[in-house]
Amino acid sequence: MNSLISRLGFVLLLLLGVAACSTPLTATVDHDPGFDFGNVRTVAIQPIDRTVASTVIISDMQVTRINEAFAQELSRHGVEVVQNNADADMLMTWHLVTQERMDVRTYNTMSARYTTCWHCAPTSGTDVRVRQYTQGTLIVDLIDPNRLQSVWRSIIESRLRESSTPEEAAERRAEAAAAIFEGFPP
């Protein structure tokens, strides 16, 4: 009975730990309050400028999948993605910038010596753990086609992780698109 209770307690702690670690993506949004977003019904996604040094080089397949995730999310907000700029109420550009970073954490440790001695006492030390990770910043701009100026910008910053399955990658793209367009139109 005690082993069953201890196993259930361990599983509960594990689930709480996983829930605490999986924080939802949130975006920082800025927009031009003078622009009338009420008339936006169509958006044309612009091709990625692959000459920008800070933009990650990603495959055409990945670009297409990201564009599709954006199109699906925009359709939930009543906006259709069109191919021709002349048919668009707004133009959309996006880019992904990455930066390699290190997470350095120090922990105080206490240990006791288990040797025979006259004046044994616990010893303290410091444990240092270093993790390298890739920080990704996804920036989406909606541009007024008349002024050719951005009137809405949304930014997400997150640690990038490898997806173990195509389904998991699709889920992450959908989550990012939902966070990007959460407050759209303002």
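A: Start with a helix: α3 has 15 residues and reaches 21 Å from its first C-alpha to its last, close to the 21 Å expected at 1.5 Å a residue. Helices here are DSSP runs of H or I with at least four residues, strands are E runs of at least two, and both are numbered from the N terminus; the expected span is 1.5 Å times one less than the number of residues. The model is predicted, with local features needing pLDDT of at least 70 and side-chain atom pairs 80 or more, while totals for chains, interfaces and linings use all residues. Residues are numbered from 1 along each chain as its sequence is written, and side-chain values use heavy atoms, without hydrogens and water.

Q: Why do the buried residues of α3 line one face of the helix?

A: An α-helix has 3.6 residues a turn, so residues three or four places apart point the same way. In α3 the buried residues are Ala 169, Ala 176, Ala 177, Ala 179 and Ile 180 (buried is under 20% relative accessible area, exposed over 50%, partly exposed in between, with a 1.4 Å probe and protein chains only). Seen down the axis of α3, they fall within an arc of 165 degrees, so they line one face; the arc is that of the directions from the axis to the C-beta atoms. Glu 167 and Glu 171, on the other side of α3, are exposed.

Q: Is Thr 137 buried or exposed?

A: Thr 137, in strand β5, counts as buried because its relative accessibility is 15%.
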